[in-house]
Amino acid sequence: MTPARSSRVGTAVSAVARDPVMLTALILLLLLIVVSVGAPWLAAHDPASLTPRMRLKPSTAEYWLGTDSLGRDLFARVLYGGRLSITLALLVSAISVLLGMAIGLVAGYFRRLDAVIMRLMDGIMAIPGLLLAIAMVALGGANIVTMVTAISIPEIPRIARLVRSVVLSVREEPYVEASVGMGTPTWKVIVRHILPSTINPLVVQATFVCAAAILTEAVLGFLGLGFPPEIPSLGSIIAEGRPFFQRAPWIVLYPGLFLALLILAVNMFGDALRDRLDVRQSRKTKG
Amino acid sequence: MTSTQAPILDIQNLNVRLPGKGDRQYAAEGIALTVAPREVVCIVGESGSGKSVTASAVMGLLPRDVLTLESGQIRLAGEDITHASRATLRTLRGNRMAMIFQEPMTALNPLMKVGDQIAELFEFHGKRLSGTDVNARVLALLVDVKLPNPATLQHAFPHQLSGGQRQRVMIAMALAMEPALIIADEPTTALDVTSQAQVLRLLNELREKHGNGVLFITHDFDVVAEIADRVIVMQHGRIVETGTAQEILANPQHPYTQKLLAAVPKGEFNAQRHPAKDEVVLSVENLSMRFETKSVFKAKRRVVHALDGVSLQLHRGETLGIVGESGSGKTTLGRLIAHMARPTSGRIMFDGQDIAALTAAEWRRRCKRIQMIFQDPYRSFNPRRTISDALAEGPLNFGEAHSDVRRRMHDMLAMVSLDETALQRYPHEFSGGQRQRLSIARALMMEPEILVADEAVSALDVSVQAQILDLFESIRERLNLSMVFVTHDLRVAAQLCHRIVVMQQGKIMEVGSAEQVFRQPQAAYTCELLAAIPGKKGFA
């Protein structure tokens, strides 16, 4: 198994190296993740320590990206904010992919449940995601559990639909019928023969969920509905910098730039991944 | 019909290059052929022989970046079109040469009425005709191809027509501009025997009437016998033999042609007599299957009787053939016996129990006794799992020990003449014939008493088909299995089956021993089916 796996990793690496879009996206993404995760070691200052004497300073050797209106180090705040965004994004995509996949597999495989489950999903899709998040944060308070739940719920129906559509076509494959005909229990049929076909589209969809989660969290932070002010979040940093935009544009600029780059990297990576994984599409482009 | 007139199509030394470093460099190599007016030239070969590539090269339809026309010359009515521009080719296609495809459902636009699709051709090729003139021409064409009730059917959408009718529409489209050359790529492969016979007769009449040449691509020697003037046999991208139809069919020179012809089922009754004829293993009693379309309005609901009061018995050690055209309910019957669907009413008695009444969970405990073999050997294996996973899946479900399963896998592979290295490989590494062997091995791993084969050899080349049929026969004999063999091909049924059930529109028309059904058919429908078999010399 080991040689097969290492060769598979090898082909994956060489495939990435040959695809410039994928490579750029991956390098950018890794860079942003590394600096965010390494925030406690990279940033010289505590993101929460106030130095009123140094407020609204542009970037200097000590404060690389300048300071905000309370004299906090912007570099540290942006990195910690990014860390929060990335953590949240990973949690959201893990939860929504797992739940969405389970729901989609059940809805796609069991015809009787399909109508009921999918109408419920349609109902959830009808609620605007951001409004739902605002309502939930207002009710449950701004902690990581409510935030993750609030952002995950609107993503679940999308994932469920995607998985269901794959299941509907794979379920009709003769190999699934053959497996049923050999007395394989239903759960094993689903796990062995149907689930693997959903992985490729799911991986791609997960990257888009990540990007959406980062954006939603930033919007909530900007609206003042995110985490409490002592926890730096990209959205709340931008919101706090807004009144000083004329005097100190860097407070809005740097977190905004970080946010844009992060989402761009994730989306580019997802796109490149889709082109590579979706056989039909890649065949089409080759003509 | 070999005429002395100048040929319509003249291909000289055509080489079509394959990409990369495969086992062969050329998809078609050194192809030289001519088609004269009013002549039908058949290119015969198995899949991968390069016959379709040759046709695509003529039409200028070679897939770009994949296949390249390296050298050679293609002349259409004297004009060199080898390297014609896309624009030139576009005016030639439809106008001077036209193509008929294998699958008319996908070749027609599903959103356009068939009459409009034919009328479109007149627009494209710049014939200035008034609306009424175009209508008259379309109608005349549809009358020409003997579409029943053309005035009504020209307003039908493709899905409202039968397969044979759709192929007639395709032929009408091909004829619209009165092309000098028609290229037909397996035009009857997707059709029933009776529609196939009609389409072949039609093509024959039309070339007399319109004086066009036909380049006919097929894998079926019986079709060749029916229609060809001259035959070109291809193998691995090369022409191995050419000659008139009589010469090739009666006296093939090349060993490959001889092998292909030998593999054609000739209506020999090969099934060995079995000793205990009267022991009934499974009996189907008054089985019906109804499909109802859903609609809120009762009046709009349509009921389709896929099976209508079918009763039959399967004896131990017997192969029972179920033949019929598409829509006859033969596949539904096979699936019901294998418990892949539940009947609307009726009983399937097996071992003193009505298995049709069992729930899926109850059947799961008994399912190893009846196993099914599917039509498409490419899709009946999970592409992500190795052969050993696939073969072991069933027995492991029944709690057998891994060591026993492993031993039996080796036995079964030996039985279907594959070696043990197959176990570690994935399905895509095998050819169609090998995969069908594997799916037989997989079914046998369950040690079934009854094997249900649904069109199990229909997707295979003739030579492979013959091998698989032999395999079925030897396995049935060695293991004393009973087999239900569903097929649309009467010759295959004749070769393999002891008894044959002829079905039409969900009803059994005739049951009898293979010889009886073929030699003294009782039902009018059976006679019709037999008459439609192309090149039916073996049955005389």
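## Burial and overall shape of chain B

Of the 540 residues of chain B, 46% are buried; a residue is buried if 20 or more other C-beta atoms lie within 10 Å of its own, exposed if 12 or fewer, and partly exposed in between, with C-beta atoms placed from the backbone. The model is predicted: local features need pLDDT of at least 70 and side-chain atom pairs count only at pLDDT 80 or more, while totals for chains, interfaces and linings use all residues. Residues are numbered from 1 along each chain as its sequence is written, and chains are lettered from A and ligands numbered from 1 in the order in which they are written.

The C-alpha trace of chain B spans about 70 × 60 × 45 Å along its principal axes.

## Secondary structure and domains

Chain B holds 20 helices and 20 strands, which are DSSP runs (H or I, at least four residues, for helices; E, at least two, for strands) numbered from the N terminus. Contacts are pairs of residues whose C-beta atoms, placed from the backbone, lie within 7 Å. Among those in chain B between residues at least 6 apart in sequence, 70% join residues at least 24 apart.

Domain 1 of chain B comprises 1-87 + 217-262, and domain 2 comprises 280-532; these bounds come from an automatic or database domain assignment. The C-alpha centres of the two domains are 37 Å apart.

## Nonpolar core

The largest nonpolar core has 231 residues, and those with the most contacts inside it include Cys42(B), Phe216(B) and Val484(B). Such a core is a set of buried Ala, Val, Leu, Ile, Met, Phe, Trp, Tyr and Cys residues joined through C-beta atoms within 7 Å. Helix H4 (residues 74-109) of chain A gives the most to this core, 17 residues. Domain 1 and domain 2 of chain B both give residues to the core, so it lies between them.

Not counting residues up to four places away in sequence, Phe216(B) touches Val40(B), Val41(B), Cys42(B), Ala184(B), Ile227(B) and Ala228(B).

## Interface between chains A and B

In the interface, 14 residues of chain A are in contact with 21 residues of chain B. On the chain A side, helix H8 (174-181) and helix H9 (186-222) each supply at least two residues. H8(A) provides the largest share, six residues.

## Individual residues

Val223(B) lies in helix H9 (residues 221-227) of chain B and is buried, with 23 other C-beta atoms within 10 Å. Leaving aside neighbours within four places in sequence, its contacts are Thr188(B), Leu200(B), Thr218(B) and Pro534(B). Val223(B) and Pro534(B) are 311 residues apart in sequence but 5.6 Å apart in space, C-alpha to C-alpha.

Most residues other than glycine have a negative phi. Asn13(B), not a glycine, has a positive phi of about 50°; it is found in strand S1 (residues 9-17) of chain B and is exposed, with 11 other C-beta atoms within 10 Å. Glu186(B), also not a glycine, has a positive phi of about 45°. Glu186(B) sits in the loop between strand S7 (181-185) and helix H8 (193-210) of chain B and counts as partly exposed, with 19 C-beta neighbours inside 10 Å.

Key. Contact = placed C-beta atoms within 7 Å.
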